[in-house]
Amino acid sequence: MAPRCSVRAVPILLWCLLPFGAAIGARAADPATPLDLAALGSPTFTTFTAKDGVPDTTILTIGTDGEGFVWLSTSQGLVRYDGHRWEPTAVPEASARISDMYLDHEGTFWVSLLSSGISHLDRGGWHFEGPSSGLTAKGFFRVVEVADELGRLETWALSLDGRLFSRTGDRWQVDPDSEQLPHETLLGLARTREIGGTTRLWVATYNDGLWFREQGAGWRRFAAPGFDAAQVDDVLVTRHEGREELWIATYGFGLWRMTEDALDLIAGEPGEGGNSIIYRLAASTPQGPARIVWAATRGGLVRVHGTRAETFGRRHGLPSDGVRSVDLWRSPEGTDVLWAATESGVVRTIQSGNGWRTASLMGSRSNGVFGVLVEPDGHGGERLWVASSGDGLGLFEDNRWRIIDAPIATLPGSNFRLLVRAPDEEGRLVLWTAVEPGELFKITEGPRIDRVATPWPKNSGQHVLDLLTRMTDRGYELWVATRESGIYLMRNGRWEATPAAGVVGQWRVAKLLEQFDREGRSWLWATSNQGLARLDHDGWTLLGGDDLPSSDLIGLDLIPDAGGHPVLWIGSAGNGIIRLDVSDPLEPRVLAPEDLPPLPDPGVYSAKRDSQGRIYLCTNNGVQQLTPNASGGFDSRIFGRRDGILHEECNTNAQFIDDHDRFWAGTLAGLSVYDPADVVPERHPKNLLLRRVRVDGEEVNPSSVRIPPDAREVDFEAALLTWQREDETRFRWQLVGHESQPGAWVADNRRVYGKPPPGNYLLRIEGRDYADLPSRPVELPVEVLPAWWERTSVRVVSAAGLILAVAGAYRRRIRWLSTRKVELEQLVTGRTAELAAANDRLAQLSHEDALTGVANRRRFDQALNNEWRRALRAGTPLGLLLLDVDHFKAYNDTLGHQAGDACLQAIAKAIADAHLRAGELVARYGGEEFAVLLPGASRKGIRTSADTVRLRIVELGLPHPQSSTAPVVTVSVGFAWTRPEIGADPTSLLAAADGALYLAKHEGRNCTREASDGCRTSH
């Protein structure tokens, strides 16, 4: 929560806001230093939870290997993310409980094993290191690199018994001074060169504080006034403003920063819990004037920028406030990718490269942001003003927020609109703002906030939406657009309403704009719910109906075209962007809409152009960026939440282009900002890999695939390793020798082939990432083995025998065969075609339910056995749902069997649509019963799936007049979950789910029940 200002009266001095000085709002002579976006607002998080395959158990640590794969260590083993899904991965060399992961400068990925040694992953695969490598301790907590006195990197291993091991070549040596350290777990290691006036090696211990060793001396415990942490979980060295810093993460004693001359508590008051419990630290690559330090804490993800610490939790998009580990990986493009493991899932945030950042969450609990202004602060920098709904007026300056709202100030409310810097009647450049219910205020020197007396009605729906000032031959004019009462003018100290002829009912005016024509004459334009208005001599004239394709208008911006002609870009509520050439304001001309690329939504709030000619259209479904191209048109790009925008729906008059071409977008969920200079073009292709190959459901070696003669199908699965916008990844497949051309680009990363004819083939897989960069194709030899009768030798012998037999028969019966030749050929051809069609249909029917199109009972039984064996080998879980349509006999008896069939088809489609993940199988189990097989799903995920399916059936709204449960068709669901063990068989899982279904049907129906016995379950 940002600090709030104390305001006692209006007008009154707002002493806690910025010191305006005598030149409030004046533009600096030199360009102002831009706002540091890295210190502003919260990161944009992408969340991965159990539904994505993340285990619902506690995550101990998270790390990224040299190729960019993300690994999780849990109590159940390792889980790997390959850009497509999170999946348990059996690694014999890293099978013990893992405490930490570390990627060194050479790309070697180290994992520390609590009970057996250390493993590492390199291009040659996984390797275990133990006593034979010099590691004489039984368990290790961490591997870390530190720079020595000459800047050379050293690799150290920290043991559970208080010993340090250093690595030389392929061998480890115990540090001779280790006996001086406490005989307990060592948790962190770092080296400083300036703190204390000499080089120091620092060690964090589990229960005996922080230790250090100076060059040529022994180990000793660090002590300082006010610092008495027993458990130090991590240490990290950074540099800031030319000074060396040592960061100290403690358990329950907060986050500390040590410099050459100070030791400061940065976050988490000792003993307060929450973010005083620090687990892990990471530092981003410096961006701008300051480095950024991240801390995983019990109370959220802490970001330290400069000396300012902020905590991000559930409100900012994290699935849990408990963050156990952080890992920062630098992509080949130079983008910092931060991963954080929470107690309910994993989050990722891109630190730079894609342009978008969250500037403020003000208004996120209400309707968002309705005003934004970036301006010089008067002393070489910039400040940001934000008008929000529900959270007051915010000011960000000197890397800190200040807030003014109704509970503190004597204002009528906290719903602010309007931020306009414009002169008042005394010629002062003041900041105008407005508060619901339609009150107008101006902020002047001092600063002071003064209420402006206004004549329009004040009520809960009233707002001041825009304001414009100008000087005419009749003096100073202040024009105000209101939400309910049209336009008002204040001239010479007097207010008057300025209606427009033809207005019916409420006149809602959204935007005002001044245009100067070629003769220098001033024209005023206004957008409203009843069309575009132009100020003429006799008042406002409405242009609508035949003049414009829409009358409900919102945005209004003046953007000259390539020839310098003035063009109004008008945003409408439902008709997109309308462009009006106003070279002659009295004869405006509508431009053809075909000149523009399609919009993401017909509701447009504004069109803002930067100095490079890029135009940003803020809509109800994202932001469209239009970039001029060589042909005279525009290239289009659409930005949405996946790109980092807080919300796709923009707000009225809440967009702004600053002096550095940054685009600020006020949305329903807060304020986002796009910096084109922060965009890092994608140039490096991503890794494309073949994840697995299955033949008839059984996994085979993916390096060389041989398909046996009795196989029916082969299933290939690929993954493209990227770190953002995975939903835009596309794949293309070709089985060369069987397919003449590659298939279409598709999002599906799986391809299933029916068994091709015997022979040798080449599977070619291509991939493209979100930036449309092609990856290096994967090529895999595939051999389809022939049956014995399909072998060449057998075919040659058979053919020879057949030729002799035919020749002999021909000689004996030449005349009879001649007369029957044509008839026999026709008969054979017809029968062969019929037989092939019948076989194809039989193969389809043998696996598909004819009525519903989902798998049949036979296919389900095969899949259950196959998945049971696979889960038994891999040690992964297996889940099953059984569903029964409630009172289906009564449904059939009342509405007829034709309606019953249609009902089953609709239910089958709803179940199938809810289960589209690879490996999941939906089957008609019998009659009105359905089954869903869920390989690899967690217990929580299966429960969620059961509830989702039940609700989807209810939402179909199929009327059931004879149901005693509900007026619509419902289902009862029983589900079970197990981890297969040797000696058990899949019928136990089936029996358990059936028992749960029995309970659901006899305990009220239209509900889900979990198996309580009859199946082995983990707790």
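**A helix, its ends and a hairpin**

Visitor: Which residue caps the N-terminal end of α3?

Guide: This is a predicted model, in which local features need pLDDT of at least 70, side-chain atom pairs count only at pLDDT 80 or more, and totals for chains, interfaces and linings use all residues. Residues are numbered from 1 along each chain as its sequence is written, and side-chain values use heavy atoms, with hydrogens and water left out. At this end of α3, a side-chain oxygen lies 3.3 Å from the backbone nitrogen of R858, and the residue supplying that oxygen is N856.

Visitor: What does α3 reach from its first C-alpha to its last?

Guide: Helices here are DSSP runs of H or I with at least four residues, numbered from the N terminus. Helix α3 covers residues 857-874, 18 residues in total, and the expected span is 26 Å at 1.5 Å a residue, taken as 1.5 Å times one less than the number of residues. The helix comes close to that value, reaching 25 Å.

Visitor: Which residue follows α3?

Guide: The residue after the helix has a positive phi, near 75 degrees. It is G875.

Visitor: Which residue in β42 is the bridge partner of M490?

Guide: Strands are DSSP runs of E with at least two residues, and two of them pair if DSSP finds at least two bridges between them. Strands β41 (residues 487-491) and β42 (residues 494-497) run antiparallel and are joined by four bridges, forming a hairpin with two residues between them, where N492 in the turn has a positive phi of about 55 degrees. In β42, the partner of M490 is W495.

Terms used
Polar contact = N/O pair within 3.5 Å; in protein donor to acceptor, adjacent residues only side chain to side chain.
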